[in-house]
Amino acid sequence: MSLWMPKKHFSISQKKQINTCPRLYYYQYVEGLGDITPHLIAGGAAHAALEYGYGQQLQTGTFAATVDVLDVFNEEWKKGIPEITNWTQFRGKQRTASDFTQISRAHLLAHIKEIAPNIVPKRLEGAINVEFQGIPLVGFVDMETADTIYDHKFRFSPGPPPLDVKTDLQLTLYALARGKSKVGFIMHYLEQKTNRKTGGRYFSPALSLRKATRTKDDFEYLEKEIVQTVENIDRWRTEGDFPRIPEKTCPAWCEFRSRCWANAAQTNEEIKKRLQSEDPVNVEKPDTSSSVITHKCPKKEEPKLFDELMPEFSEDSDRVLPF
Ligand code: SF4
């Protein structure tokens with residue numbers, strides 16, 4: 001049996017987009033549209049900075065110097081800024097590069113102070129490749145200790161962490177690929193506080209480290225979800241459309257709103273034509289009972305480290321953030 005996918009591999013990020021809205025997935029993964037946001041670039045730079053910090057710890061036994069970690073962030077962030085195509089708004093105010101710099105540095109400083117002293121890394125960033133019933137799935141593990149897989153998450157908005165570690169399929173996939181049962185995420189977000197003297201509101205970096213355990217049932221659930229989702233993609237392609245969610249439930253941040261809802265009949269016709277002309281990537285799905293775990297983990301990657309120290313960067317101790 002053969003199934004169609006727009007990309008050579010499936011991923012949990014793709015699954016999350018489909019869960020939000022299949023049409024959104026179509027625009028992003030079939031048509032290849034979508035903005036590059038500062039969240040993506042700053043989050044990537046912050047990941048790189050932590051990878052450097054823990055990489056030094058793996059090599060020398062000591063987490064890297066704070067100034068060097070911030071340098072790595074700074075360098076990666078500066079490199080990525082020209083790629084950004086959409087600077088987002090917050091409360092009517094456009095966010096700037098300086099806002100993201102301050103927030104990211106505050107997140108990193110909090111991490112270095114509160115999390116890093118309690119972590120002993122055994123392995124860092126590495127690609128994973130898993131196959132479910134012929135469907136190739138890829139992912140990227142942030143960090144492993146002796147018994148736990150960790151995912152770093154950066155949220156550049158105020159509010160409590162929105163993710164539930166118990167149901168996070170990404171962590172289930174990492175646990176399966178690495179043969180571990182304990183998983184955790186380290187969420188970096190912003191907490192709204194009130195100044196006791198002035199009554200003014202401000203935002204401060206906050207951290208949440210949550211852990212959970214994965215079982216065989218979780219792995220089976222993951223496999224069923226992935227196979228079912230790819231079967232849906234295949235069916236939507238045959239039908240010539242990816243379903244839209246009702247307009248009133250569209251998330252405010254969806255950048256395709258006007259394209260999607262304005263002149264809908266014409267858009268649907270365009271989508272049908274596009275899907276019919278798509279060069280399909282077919283995956284061969286073997287005939288097998290979905291109650292049996294059929295995944296394969298073909299290769300293990302070695303951890304990679306930054307090999308260059310970055311120029312000096314002066315540290316700002318102000319933790320009050322720009323909102
Ligand atoms: S506007 Fe709504 S229905 Fe259309 S892609 Fe965005 S979320 Fe989906």
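Trainee: Leaving aside its neighbours within four places in sequence, which residues is Glu 31 in contact with?
Mentor: Tyr 26 and Arg 274. Contact here goes by C-beta atoms, placed from the backbone, which have to lie within 7 Å of each other.

Trainee: OK, and what sort of model is this?
Mentor: It's a predicted model, where local features need pLDDT of at least 70 and side-chain atom pairs count only at pLDDT 80 or more, while totals for chains, interfaces and linings use all residues. Residue numbers run from 1 along each chain as its sequence is written.

Trainee: Back to Glu 31, then. Where does Glu 31 lie?
Mentor: In the loop between H2 and H3. Those labels are DSSP runs numbered from the N terminus: helices are H or I with at least four residues, and strands are E with at least two.

Trainee: How far apart are Glu 31 and Arg 274 in sequence and in space?
Mentor: They sit 243 residues apart in sequence, but C-alpha to C-alpha they are 8.5 Å apart in space.

Trainee: How many other C-beta atoms does Glu 31 have within 10 Å?
Mentor: There are 15, so Glu 31 counts as partly exposed. A residue is buried with 20 or more other C-beta atoms within 10 Å of its own, exposed with 12 or fewer, and partly exposed in between, again with C-beta atoms placed from the backbone.

Trainee: Which residues of H2 are buried?
Mentor: H2 covers residues 22–30, and its buried residues are Arg 23, Leu 24, Tyr 25, Tyr 26, Tyr 27 and Tyr 29. They pack against helix H1 (12–20), helix H8 (257–261) and helix H9 (264–277). Look just after H2 as well: Gly 32 has a positive phi of about 70° there.

Trainee: At what angle do the axes of H1 and H2 cross?
Mentor: Roughly 135°, and the two axes come within 5 Å. That makes H1 oblique to H2. The axes are lines fitted to C-alpha atoms, for helices over the stretch in contact, and angles run from 0 to 180 degrees between N-to-C directions.

Trainee: Which residues make that contact?
Mentor: From H1, Gln 14, Gln 17, Ile 18 and Thr 20; from H2, Pro 22, Leu 24, Tyr 25, Gln 28 and Tyr 29.

Trainee: What about H6 and H7, at what angle do they cross?
Mentor: The axes of H6 (residues 169–178) and H7 (residues 216–239) cross at roughly 115° and come within 10 Å. So H6 is roughly perpendicular to H7. The ranges go like this: under 35 degrees is roughly parallel, over 145 roughly antiparallel, 65 to 115 roughly perpendicular, and the rest oblique. Leu 169, Thr 172, Leu 173 and Leu 176 of H6 meet Asp 218, Phe 219, Leu 222 and Glu 225 of H7.

Trainee: New topic: where is Gly 44 found?
Mentor: In helix H3. Gly 44 is partly exposed, with 16 other C-beta atoms within 10 Å. Not counting residues up to four places away in sequence, Gly 44 touches Glu 76 and Gly 80. Its C-alpha is also 9.0 Å from that of Phe 154, which is 110 residues apart from Gly 44 along the chain.

Trainee: And the whole protein chain, how many helices and strands?
Mentor: There are 9 helices and 10 strands. Of the 323 residues, 32% count as buried. Among contacts with a separation of 6 or more, 77% come from residues 24 or more positions apart.

Notes. Two residues are in contact if their C-beta atoms, placed from the backbone, lie within 7 Å.
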